[in-house]
Amino acid sequence: MKLVAGLIVSAALFGGAHVLYDGQGPSTAVETVSSSTYRLTANGDEAACAVQRGAAVSDGLSRLKIAPDCRQLMPGIERAKFWREQADGSVAFSADGVDPIVTFSVADGDGYESYAPRLPLLSLASTGR
């Protein structure tokens with residue numbers, strides 16, 4: 001429920017900023033990249049795996065290293081090779097740098113929560129490294 005409310009508020013703020021600035025004003029991106037190593041969990045389970053954001057490839061696109069055991073949390077996620085950060089602060093993991101396997105929005109604190117696909121609900125939290 002907290003996730004849905006957060007997404008609604010985020011969408012409203014993002015849309016309002018574009019209306020006010022007609023897309024040409026200051027960036028609405030949220031700077032959350034304080035670490036390149038994250039802990040990925042599914043549905044609040046104790047099971048977790050490591051995700052590492054690597055070197056930048058281009059603007060907003062970075063290499064991604066996902067531990068093999070992440071497949072237990074979401075089958076197919078192990079194919080992701082790229083981390084793409086959007087202007088609104090959302091992050092998508094993809095195999096080709098374009099088509100998302102999973103997409104995250106900025107969460108409370110220093111991390112992200114997935115919103116696509118709807119299940120499983122994934123949390124990505126910075127490990128501070």
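Reader: What should I know about the model before we start?
Author: It is a predicted model, in which local features need pLDDT of at least 70 and side-chain atom pairs count only at pLDDT 80 or more, while totals for chains, interfaces and linings use all residues. Residues are numbered from 1 along each chain as its sequence is written, and side-chain values use heavy atoms, with hydrogens and water left out.

Reader: Thanks! Why is the pair of cysteine 49 and cysteine 70 called a disulfide?
Author: A disulfide is a pair of cysteine sulfur atoms within 2.5 Å. Here the sulfur atoms are 1.9 Å apart, and the structure holds one disulfide.

Reader: What makes this disulfide right-handed?
Author: The torsion about the S-S bond of cysteine 49 and cysteine 70 is about 105°, so the disulfide is right-handed. The pair links distant parts of the chain, 21 residues apart: cysteine 49 sits in strand β2 (residues 48-58), and cysteine 70 in the loop between β3 (61-66) and β4 (82-85). Strands here are DSSP runs of E with at least two residues, numbered from the N terminus.

Reader: Why is serine 90 counted as buried?
Author: Buried means under 20% relative accessible area, exposed over 50%, and partly exposed in between (1.4 Å probe, protein chains only). Serine 90 has 6% relative accessibility, so the residue counts as buried. Serine 90 lies in the loop between β4 and β5 (91-94).

Reader: And how do you know that arginine 71 is partly exposed?
Author: Its relative accessible area is 45%, so the label is partly exposed. Glutamate 78, with 28%, is partly exposed as well.

Reader: Why is the link between glutamate 78 and arginine 71 called a salt bridge?
Author: The term asks for a side-chain nitrogen of Lys or Arg within 4 Å of a carboxyl oxygen of Asp or Glu. For glutamate 78 and arginine 71, the closest N and O atoms are 3.5 Å apart. By this rule the count comes to two salt bridges.

Reader: What makes glutamate 85 and arginine 53 a salt bridge?
Author: Their side chains meet at 3.3 Å, N to O. Glutamate 85 lies in strand β4 and arginine 53 in strand β2, so the pair ties together parts that are 32 residues apart in sequence. Glutamate 85 and arginine 53 are both buried.

Reader: How do you know that β7 and β8 pair?
Author: Two strands pair if DSSP finds at least two bridges between them. Strand β7 (residues 111-116) and strand β8 (residues 122-126) have three bridges, in the antiparallel sense.

Definitions and conventions
Helix = DSSP H or I, 4+ residues; strand = E, 2+ residues; numbered from the N terminus.
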